[in-house]
Amino acid sequence: MKTISILAITMFFLRSFSAYGQMCGSYDYQQAEFNNNPSLKSSFNSIEQFINQRQQVAIMSRGEETVIKIPVVVHILYHTQDEKISDAQVQNQIDILNACFRRRNADSVNTPLRFKSVAADCGIEFQLATSDSRSRSTTGIIRKYTPIEKWKMDDKMKFSSSMGDDAWDPSSYLNIWICRLDKLAGYASFPGGEMNKDGLAIDFAALGTVGATSGYGMGKTAVHELGHWLGLKHLWGDEYCGDDGVADTPKQAGYTIGCPNNIRITCGNSPNGDMYMNYMDFTNDACTNMFTIGQKMRMKALFEPGGSRFSLLSSKGLTTPLIFEIPLQENDPKWLKPQLFPNPTSTTLTLDLTYDARWVGSTLQITNLTGLSMMQQKITSKVQQINVQNFPSGVYILAAKREDGLSIKLQFVKL
Ligand SMILES: [Zn+2]
């Protein structure tokens, strides 16, 4: 019987999950990090021990609670113009985070009666940073063009050297990279992971309530991933009827997809059944609406002295900046260059603009050294072939200019 039900769950998964292939990569990511760096495993285990000790303390001292505010910096890595999302779209996601973590979300009324008594206001809020690490004014939002069309779960988006964007000091800021992920809605680093990789990566389509292309278009992916970033596990403990380290979430067999509304008994969790409306399941965004008190205590334990998120409490990220001039953003990173080859040539030139898709649609012009125009041509693809066979031998200039003011000028020799 057991085998059949697992098979049924798996087949259901394969059918209905095709929008993403994988909703959350955090568990696989964590296992890969442990393989790459075995010492992370023991640091993770000691954090787990810390959480277990401190969440008891936190439960006992419940009452005089202060709301924790976490400064956020969002790195938008756009490849196409429509990925250059607005401040309003980012703020929309931040608002959803706050609604869900403070249990002020309108759909909290959908939490079933049988679980209402354990549903929690987690007392954690998120706010775009107002001050950078040098006390300069910031919007907390960075936009950077990248030649990378799709990113994998290998952290390359977290480094400028691999055409992403470097993290801001993770001891003071929560870093969120918004980029086009390959068949993945999002993934989070875990407490105790490598600091320069700390934070969340979220796919554009799973961000906020704008641009929804799947059942994960209501901004709950970031809520789920932040749960991981704050030490939460999936409800099923990433194994059949596994343990998530939280007392008030029932054991359940595995993940949920779609939007069920029946009582589903697994792992002997009668009479209440699975808590598939919890943010730490894979249920569609429209049907998740709660964290529990136990999950809250795990998350809050990390902010106790000695906890891996404790340093955020003394961050200057939300203070009034001392310098009000917002630094200019590096929209076009220095490693980006057009290529023109072969040079010299006798017949055809290739202009390779794969570093920046925004060139497509502009016009290029070739002139000789006296300024006489030899050819005009529309750039129709990122790799453009240019026939110069009929040009007299000599030196020529290829130039192009874009509406946003950027220009290129390249010299070549016709044999
Ligand atoms: Zn997850």
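Predicted model: local features only at pLDDT ≥ 70, side-chain atom pairs only at ≥ 80, totals over all residues.
Colleague: Which residues count as protein donors of the zinc ion, and how do you know that?

Modeller: They are Cys24 (SG), His224 (NE2), His228 (NE2) and His234 (NE2), whose atoms lie 2.0 to 2.1 Å from the zinc ion. A donor is an N, O or S atom within 2.8 Å of the metal, so these atoms qualify. In sequence, the spacing of the donor residues is C-x199-H-x3-H-x5-H.

Colleague: Why is the site of the zinc ion called tetrahedral?

Modeller: The angles among the four donor atoms are 97 to 122°.

Colleague: What separates His224 and His228 in helix α6?

Modeller: About one helical turn, because the two histidines are four residues apart in that helix, which covers residues 220-229. Both His224 and His228 are buried, which means that each has under 20% relative accessible area.

Colleague: Let's turn to strand β7. What makes you say that both of its faces are covered?

Modeller: Look at the residues on each side of β7 (residues 200-203): Leu200 and Ile202 are on one, Ala201 and Asp203 on the other, and all are buried.

Colleague: How do you know that β5 and β7 pair?

Modeller: Four bridges link β5 (residues 174-179) with β7, in the parallel sense. Pairing takes at least two bridges, so these strands pass. Within this pair, Ile178 stands opposite Ile202.

Colleague: And how many bridges join β6 to β7?

Modeller: Three, and β6 (residues 184-188) runs antiparallel to β7. Here Gly186 has Ile202 as its bridge partner.

Colleague: What makes β8 and β12 edge strands in the open sheet?

Modeller: The sheet has three strands in the order β8-β9-β12, with antiparallel pairing. β8 (339-341) and β12 (383-387) each pair on one side only. On average, neighbouring strands of this sheet are turned by 20° against each other, direction ignored. Between β9 (residues 348-352) and β12 there are five bridges, and Leu351 has Gln384 in β12 as its bridge partner.

Colleague: Finally, how do you know that Ser162 has a polar contact with Lys156?

Modeller: A polar atom of the Ser162 side chain lies 2.8 Å from the backbone oxygen of Lys156. The cut-off is 3.5 Å, so the pair falls within it. Ser162 sits in the loop between β4 (141-145) and β5. Leaving aside neighbours within four places in sequence, Ser162 is in contact with Trp151 and Lys156.

Terms used: Residues numbered from 1 in each chain as written. Heavy atoms only, no water. Axes fitted to C-alpha atoms, helices over the stretch in contact; angles between N-to-C directions. Donors = N, O, S within 2.8 Å, 3.2 Å for Na, K, Ca; no water. Tetrahedral: all angles 85-135°; square planar, octahedral: opposite > 155°, others 65-115°. Buried < 20%, exposed > 50% of the residue type's maximum accessible area, 1.4 Å probe, protein only. Polar contact = N/O pair within 3.5 Å; in protein donor to acceptor, adjacent residues only side chain to side chain. Contact = heavy atoms within 4.5 Å.
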